[in-house]
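Subject: A structure for you to look at

Hi there,

Here is the structure I promised to pass on. Have a look at it first, and then read on for what turned up.

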Amino acid sequence: MSDTVPQVVFACVRNGGRSVIGRVLTEHYAQGRVRALSAGTQPGEHIHPEVAEALEKLGLDTSRETPTLLTRDAVAASDLAITLGCGEECPYVPGVRYVDWPVADPGGQDEQTVRAIVADLDTRVRDLLGELVPGIQLPPSVLDAR
């Protein structure tokens, strides 16, 4: 394994839900061993309030999360692109590994549904970090404490 920090970009359409959850969870668990970005093909004006509320209840700060346009450069600078519903609108960059995670959109959903989506992404992110950083010691899941 090299000394470089792998970078992952989480991409969805509005960059207000799934990609934000993926980025925030990755940054929380990786503790600097993986860099995470999130972006959208058609970014909205703000992250979904129900997503911000769910993450903040888990002790995760979303105050600096701002929807960002997914660019070819952001994908090219990443080792891995996780797509979450942006489909063919996501720019393709040769040499970057793409993985599609079929996760429901939390926008406009009730608290229980959003929490289930966060739980799904929590499992996926923790598994991904084990793959990207073999031997990483992850802190307990944020869901375990709640």
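Let me start with a question: does R23 count as buried or exposed? R23 counts as buried, because its relative accessibility is 18% and the cut-off for buried is under 20%. Please keep in mind that this is a predicted model.

E27 is partly exposed, at 30% relative accessible area. R23 also meets E65 in a salt bridge, here at 2.5 Å from N to O. E65 lies in the loop between α2 and α3, so this pair ties together parts that are 42 residues apart in sequence. E65 is buried, with a relative accessible area of 13%.

Another salt bridge joins R97 and E131, with the closest N and O atoms 2.6 Å apart. R97 is in strand β4 and E131 in helix α4, so parts 34 residues apart in sequence are tied together. Through shared partners, R23, E27 and E65 form one network of salt bridges.

Now for the helices. α2 (residues 49-57) packs against α4 (residues 111-132) at about 65°, with the axes 10 Å apart. The two are therefore roughly perpendicular to each other, and their crossing is right-handed. On the α2 side the contact includes V51 and L55, and on the α4 side V114 and V118. The contact residues comprise five nonpolar, no polar and three charged.

Enjoy exploring!

How values were computed. Residues are numbered from 1 along each chain as its sequence is written. This is a predicted model: local features need pLDDT of at least 70, side-chain atom pairs count only at pLDDT 80 or more; totals for chains, interfaces and linings use all residues. Side-chain values use heavy atoms; hydrogens and water are left out. Axes are lines fitted to C-alpha atoms, for helices over the stretch in contact, and angles run from 0 to 180 degrees between N-to-C directions. Helices (H or I, at least four residues) and strands (E, at least two) are DSSP runs, numbered from the N terminus. Angles under 35 degrees count as roughly parallel, over 145 as roughly antiparallel, 65 to 115 as roughly perpendicular and the rest as oblique. A crossing is left-handed if the near helix is turned anticlockwise from the far one by less than a right angle, and right-handed if clockwise. Contact means heavy atoms within 4.5 Å. Ala, Val, Leu, Ile, Met, Phe, Trp, Tyr, Cys and Pro count as nonpolar, Asp, Glu, Lys and Arg as charged, and the others, Gly among them, as polar. Buried means under 20% relative accessible area, exposed over 50%, partly exposed in between (1.4 Å probe, protein chains only). A salt bridge is a side-chain nitrogen of Lys or Arg within 4 Å of a carboxyl oxygen of Asp or Glu.
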